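This report describes a pocket, a surface patch and a set of charged contacts, with the cut-offs behind each term. The sequence and structure come first.

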Amino acid sequence: ANALLEKHWGSLGASAITLFQAISGGVDWDLVVRPLEAIGWIWMALFFLYLAFTLFAVLNVITAVFCQAAIDSAEHDKDMVLQSMIANKRMYEEQI
C-alpha cells in the first residue's frame with residue numbers, strides 16, 4: 001500500500017495525474033483510494049467529494065454547452081428553411 005501511495009500521491013504532479021486519470025477512466029478508483037484509506041478516512045472522503053463534484057457538476061456543464069450549441073444550430077436551420085420557402089414563394093408569385 002505504501003508503494004501505491006507513493007506512486008499515486010507522492011508528489012503534486014503525481015496527485016494531479018491521478019486525479020485526472022480518476023475522472024477520465026485512466027485508472028480504477030479503488031486502486032487509488034485504497035492507499036488513502038491507510039493514512040486516514042478524511043482523505044478518502046475528500047477524494048470522493050472531488051469525484052462527485054467533477055463528474056456531476058463540471059461535466060454536466062460541459063454537456064450543457066454542447067447541447068445548447070446543437071439547439072442553436074437547429075434553430076438556425078429552421079430560419080434558413082423559412083427564408084428559402086419565402087424566396088421560393090416570391091419567385092412563383094413573380095412568374096404568375
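## Basis of the description

A residue is called buried under 20% relative accessible area, exposed over 50%, and partly exposed in between, with a 1.4 Å probe and protein chains only. By that definition Leu 46, with a relative accessible area of 45%, is partly exposed; this residue lies in helix H4, where helices (H or I, at least four residues) are DSSP runs numbered from the N terminus.

The model is a predicted one, in which local features need pLDDT of at least 70 and side-chain atom pairs count only at pLDDT 80 or more, whereas totals for chains, interfaces and linings use all residues. Residues are numbered from 1 along each chain as its sequence is written, and side-chain values use heavy atoms, with hydrogens and water left out.

## The largest pocket

On a 1 Å grid over the protein atoms alone, a pocket is an open set of points where a 1.4 Å probe fits, with protein on both sides within 12 Å along at least five of seven lines, and its lining residues have an atom within 4 Å of a point. The volume is the space filled by probe spheres set on the points, which are joined across faces, edges and corners. For the largest pocket this space comes to about 150 Å³.

The lining of the largest pocket consists of Leu 5, Trp 9, Ser 15, Leu 19, Leu 36, Ile 39, Trp 43, Leu 46, Phe 47 and Tyr 50. Two or more of the lining residues come from each of helix H1 (2-9), helix H2 (12-24), helix H3 (29-39) and helix H4 (41-95), and H4 supplies the largest share, 4 residues.

## A nonpolar surface patch

Patches are made of residues with over 30% relative accessible area and no salt bridge, and nonpolar side chains (Val, Leu, Ile, Met, Phe, Trp, Tyr) are joined within 5 Å, like charges within 9 Å. A nonpolar patch of this kind is formed by Ile 39, Trp 41, Ile 42, Trp 43, Leu 46 and Leu 49, which together have about 690 Å² of accessible area, as given by the Shrake-Rupley method with a 1.4 Å probe, only the protein chains shown counting as cover for residues. Helix H4 gives the most to the nonpolar patch, with 5 residues. Leu 46 is listed both in the pocket lining and in the patch.

A salt bridge is a side-chain nitrogen of Lys or Arg within 4 Å of a carboxyl oxygen of Asp or Glu, and the structure holds 2 of them. Arg 34 pairs with Asp 30, the closest N and O atoms being 2.8 Å apart, and Arg 34 also meets Glu 37 at 3.1 Å, N to O. These links place Asp 30, Arg 34 and Glu 37 in a network of salt bridges.

Relative accessible area is 43% for Arg 34, which is partly exposed; Asp 30 is partly exposed at 37%, and Glu 37 is partly exposed at 41%.
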